[in-house]
Amino acid sequence: MEELLFQAALSALGEAFPGRFALLPCATNFATLRMADGEALYHTLGEQGISIRYTGGLVRITCGTAGENRAVLTKMADYFAAAPAKGE
C-alpha cells in the first residue's frame, strides 16, 4: 500500500516541477526516475543522510515507511525549488 502512495506522491511532485524527471513504470518497492541532474540530486540527498541510487541518468529510490517517504519527497521538492534544471 505504501508503495502506491509513494508512486502517487512522486507523480504529483513531477507535476509540480514539470520537466525535472520522468517517473518510469514500476511494480516493485522502489521508484525509478529518469533525470538529467540525477547525480546532483544523489549528492544533495546523500549530504542530508538520505540514500538513493544513481546510475547514469537514472535514480532509484526505495519506498520506505510513510515518514521516510515524506522526508525524501520534502527534500526532493526543496532541491527542485532551489536548483535550476540542468541546462537552464
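Trainee: How do α1 and α3 lie, parallel or perpendicular to each other?
Mentor: Roughly parallel. Their axes cross at roughly 10 degrees and come within 11 Å. Angles under 35 degrees count as roughly parallel, over 145 as roughly antiparallel, 65 to 115 as roughly perpendicular and the rest as oblique. The axes are lines fitted to C-alpha atoms, for helices over the stretch in contact, with angles from 0 to 180 degrees between N-to-C directions.

Trainee: Before I go on, what am I looking at?
Mentor: This is a predicted model, where local features need pLDDT of at least 70 and side-chain atom pairs count only at pLDDT 80 or more, while totals for chains, interfaces and linings use all residues. Residues are numbered from 1 along each chain as its sequence is written, and side-chain values use heavy atoms, with hydrogens and water left out.

Trainee: Which residues of α1 meet α3?
Mentor: E2, F6, A9, L10 and L13. On the α3 side they meet A66, N69, L73, M76, A77 and F80. Contact means heavy atoms within 4.5 Å. By class, that contact has nine nonpolar, one polar and one charged residues. Ala, Val, Leu, Ile, Met, Phe, Trp, Tyr, Cys and Pro count as nonpolar, Asp, Glu, Lys and Arg as charged, and the others, Gly among them, as polar.

Trainee: And which residues of α1 are buried?
Mentor: F6, Q7, L10, L13 and G14. They sit on the same side of α1, because they cover an arc of only 120 degrees around the axis. That arc is taken from the directions from the helix axis to the C-beta atoms. Buried means under 20% relative accessible area, exposed over 50%, partly exposed in between (1.4 Å probe, protein chains only).

Trainee: What does that buried side pack against?
Mentor: β1, β2, β4 and α3. The face turned away from it carries the exposed residues L4, E15 and A16. Helices (H or I, at least four residues) and strands (E, at least two) are DSSP runs, numbered from the N terminus.

Trainee: New topic. Where is L33, and is it buried or exposed?
Mentor: L33 is in strand β2, residues 30-34. It is buried, at 0% relative accessible area. Beyond four places in sequence, L33 contacts F21, A22, L23, G57, L58, V59, I61 and M76.

Trainee: How far apart are L33 and G57?
Mentor: 8.3 Å, C-alpha to C-alpha, and 24 residues in sequence.

Trainee: What about T32, buried or exposed?
Mentor: Buried, at 16%. T32 is also in β2.
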